[in-house]
Amino acid sequence: MRIIIYTGKGGVGKTSMAAATACKIASEGKKVMIMSTDQAHSLGDSFDVELTKEPLRIMDNLYGMEIDTVYESEKSWGNMKDYFKKLLTMQSEGGIEVEELLVFPGLEELFSMFKILEIYENNQYDTLIVDCAPTGETLSLLKYPEKLSGFMQKVLPIKKKGVKTVGPVVEKTMKIPMPGEEVFDDIEYLMERMEKLQKLMLNKDIVSLRVVTTPEQIVLNEAKRNFTCLYLYNYNVDAILVNRIYPGKAMEGYFNKWNEMQEKSLNNIKESFSEVPCFYVELQDRELRTIPVLKEVGDSIYGECNPNDILFKEDIYRIDRKENTLSVYLPFANKEELKLEQADDELVIGVKNEVRRFLVPKEFWNKEITGAKFEEGYLNIMFKNQISE
């Protein structure tokens, strides 16, 4: 089973690109499920159908659903939530808005990601396409499994047996309710699901992330940050989709200045994502909604390329924190022709007449380059710990 996740800044057209891809793959005979984990759902609007938390047949081979984050949250940690609610209200006499206090940022989105794991394990489809929440939220929930599992191991080390023997005494003397076995069942369930989800998301033979952007500098900057972070956390981004490119004729006259800015951004995209396949989508003269339109756009985006394939799979970036080294994948470069510059928060690498640029990862902010070596297809860049005074 293939899993393809679309992410990007809010408003760039992730939902439309995901929907068009789903139509393209389903039309070629694969059984496809497309679902949205974004709380502000618009997936149903793209297909002009009403989607719910249950799978709905949209067309031949294509099914869709919009995740109910509240339902998935209750299913995943309902007992734990009830226990925390007791702790928060024991002295308040109901004066605290407990439900609001128990909404942890990103947690509901994480629980909606469990649906990806559930669909994968049920194995009823050939391909799962996910219309994900905007960039920032997506990055935070992709890191949640390792962060939250470590938190739970440290903060909740108490065992079920301890609760049975010590619990009544603690409750009597400290006036604090102790968690029941069902709470620990929830913890074990969460730990297990997060571990499995993390393992699945890092499986590059199954999961691909695709970043959607538009040719505007602000949007492009976030796409570059998103791209770099995903690769540094070892997720596989196998394509970039550049949406809403203005046709040349539409930019004549009054909009000519916009044409110049767009060309500059498109060149930046070429320099920033040179290793990864890029697909370019012109601004359409109609809304990207309804199945016939989405099918047409899906065909125009990918052409002869099969969007169900893994379009790229390499470790573009590697970090060695002990050696303070960043390695960049440059498979066909000649070291005699390489040029390296540092410009603010970007590295600029020149190879012959080509330029490659990307944002410096946070690990190397405020550090200067001390040297570089080209080995086995990777340019290894060494940094100082601090910029010298």
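Visitor: What is the order of the eight strands in the open sheet?

Guide: The order is E3-E4-E2-E5-E1-E6-E7-E8, and the pairing is mixed; strands (E, at least two residues) and helices (H or I, at least four) are DSSP runs numbered from the N terminus. This is a predicted model, in which local features need pLDDT of at least 70 and side-chain atom pairs count only at pLDDT 80 or more, while totals for chains, interfaces and linings use all residues. Residues are numbered from 1 along each chain as its sequence is written, and side-chain values use heavy atoms, with hydrogens and water left out.

Visitor: What makes E3 and E8 the edge strands?

Guide: Strand E3 (56–59) and strand E8 (278–282) each pair on one side only.

Visitor: Why are H1 and H11 called roughly perpendicular?

Guide: The axes of helix H1 (residues 14–27) and helix H11 (residues 291–302), which come within 8 Å, cross at roughly 90°. Angles run from 0 to 180 degrees between N-to-C directions, and axes are lines fitted to C-alpha atoms, for helices over the stretch in contact. An angle of 65 to 115 degrees counts as roughly perpendicular (under 35 is roughly parallel, over 145 roughly antiparallel, the rest oblique), and H1 and H11 are therefore roughly perpendicular to each other.

Visitor: What makes up the contact of H1 with H11?

Guide: Its residues divide into eight nonpolar, four polar and three charged, where Ala, Val, Leu, Ile, Met, Phe, Trp, Tyr, Cys and Pro count as nonpolar, Asp, Glu, Lys and Arg as charged, and the others, Gly among them, as polar. Among them are Met17 and Lys24 in H1, and Val297 and Asp299 in H11, contact being heavy atoms within 4.5 Å.

Visitor: Which residues have the most contacts inside the largest nonpolar core?

Guide: They are Ile5, Ile116 and Phe227, in a core of 56 residues; such a core is a set of buried Ala, Val, Leu, Ile, Met, Phe, Trp, Tyr and Cys residues joined through side-chain atoms within 4.5 Å. Buried means under 20% relative accessible area (exposed is over 50%, partly exposed in between; 1.4 Å probe, protein chains only). Helix H5 (residues 107–122) gives the most to this core, with seven residues.

Definitions and conventions:
Two strands pair if DSSP finds at least two bridges between them.
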